[in-house]
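Hi,

Here is the structure I said I would pass on. Have a look, and my notes follow below.

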Amino acid sequence: MVEIQPKRPRDAQATRQALLDAAAALFAERGFERATVRDIAARAGVNQALLFRYFGSKKALFGEVLERNGREQLKATAPESLLEAALRGMLLADDGRLGDRSLEAFLRSTGGSDEVAATGRLLGDEYARVLAGLSDREDSDLRADLVLSWLLGIGLMRVVVGKEPLASADPDEICELVLGAARTLLEGLAAPVPPPAP
C-alpha cells in the first residue's frame with residue numbers, strides 16, 4: 001500500500017523535490033517497472049499530471065533520480081573516499097538509516113528498459129573514471145571496473161536477493177572487509193573511517 005501524503009500548497013520546486021523523493025523510495029522498493037506513476041504522485045501528495053509536467057516521463061524521472069544522487073556523491077566526495085561513501089550509503093539505506101537508495105533502485109530495475117540501462121552505464125562510467133584515478137597501474141580502468149562490479153554485486157546479494165550472512169551483516173564490518181580488499185586493486189583508496197562512537 002502506498003502512503004499518501006496530504007496535499008501541499010503550490011510550490012514548483014517543492015513539488016519537484018517531493019516527486020523525486022517519492023520516486024526514489026518507490027523505485028528502490030519495487031524497481032522501475034512496478035513503481036507506477038499514480039503511486040509516485042500519491043506518495044508525493046500531488047496529481048500525477050505534475051509528474052509529466054516536471055519530468056516528461058517515468059523513464060526521465062528514473063534517470064534524474066539516479067543521476068541526482070550519483071552526481072551529488074561524485075561532486076561532494078573526494079576520489080579516495082568515493083568507494084566507501086557509495087558502499088556505506090547503500091548499506092545504511094538498506095539498514096533503514098539515512099542513506100542513498102539510488103543503487104538499490106538501479107539494481108531492482110536492471111533488465112527493464114534500454115534507457116534504464118543507459119543511465120546506469122553513464123553513471124557507472126563516471127564512477128569508474130574517478131576510481132581508475134586511484135591506481136597508477138596500466139590496467140587501472142579494469143581495476144576500477146572490478147571494484148565497481150563488486151559494489152554492485154554486494155548490493156544485489158544483500159539488498160535484492162537477501163543472501164545471508166551478507167544481508168544481516170554489520171555495515172561497518174562489511175566496509176572494513178571490502179575496503180581492505182579493494183585497496184589491493186586501487187592503491188589510492190583511503191582507509192575506512194571508523195564508525196562514530198555511540
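Which residues in α4 meet which residues in α7? Keep in mind that this is a predicted model. On the α4 side the list is Lys59, Ala60, Phe62, Gly63, Leu66, Glu67, Gly70, Arg71, Gln73 and Leu74, and they meet Glu115, Val116, Thr119, Leu123, Glu126, Tyr127 and Val130 in α7. The axes of helix α4 (residues 58-76) and helix α7 (residues 114-132) come within 9 Å and cross at roughly 10 degrees. Angles under 35 degrees count as roughly parallel, so α4 is roughly parallel to α7.

Arg71 and Glu67 pair with their closest N and O atoms 2.9 Å apart; both sit in helix α4, four residues apart, or about one turn of the helix. Each is partly exposed, Arg71 with a relative accessible area of 28% and Glu67 at 30%. Salt bridges with shared partners join Glu67, Arg71 and Glu126 into one network.

Stepping back to the overall picture: the protein has nine helices and zero strands, so the pattern along the sequence reads α-α-α-α-α-α-α-α-α. Of its 198 residues, 45% count as buried. The accessible surface comes to about 10600 Å², with 54% of that belonging to carbon and sulfur atoms. Among contacts between residues at least 6 apart in sequence, 67% join residues at least 24 apart.

The whole structure holds ten salt bridges. One of them is between the side chains of Arg43 and Glu29 (3.1 Å, N to O). Arg43 lies in helix α2 (residues 37-44) and Glu29 in helix α1 (residues 12-30), so this pair ties together parts that are 14 residues apart in sequence. Arg43 counts as buried at 16% relative accessibility, whereas Glu29 is partly exposed at 36%. There is also a salt bridge from Asp39 to Arg30, with the closest N and O atoms 2.6 Å apart; both of these residues are buried.

Last stop is helix α8 (residues 140-161), where you will find Leu156. The C-alpha atoms of Val159 and Ala28 are separated by 9.6 Å, although the two are 131 residues apart along the chain.

Cheers

Technical notes:
Residues are numbered from 1 along each chain as its sequence is written. This is a predicted model: local features need pLDDT of at least 70, side-chain atom pairs count only at pLDDT 80 or more; totals for chains, interfaces and linings use all residues. Side-chain values use heavy atoms; hydrogens and water are left out. Helices (H or I, at least four residues) and strands (E, at least two) are DSSP runs, numbered from the N terminus. Axes are lines fitted to C-alpha atoms, for helices over the stretch in contact, and angles run from 0 to 180 degrees between N-to-C directions. Angles under 35 degrees count as roughly parallel, over 145 as roughly antiparallel, 65 to 115 as roughly perpendicular and the rest as oblique. Contact means heavy atoms within 4.5 Å. Buried means under 20% relative accessible area, exposed over 50%, partly exposed in between (1.4 Å probe, protein chains only). Accessible areas come from the Shrake-Rupley method with a 1.4 Å probe; for residues, only the protein chains shown count as cover. A salt bridge is a side-chain nitrogen of Lys or Arg within 4 Å of a carboxyl oxygen of Asp or Glu.
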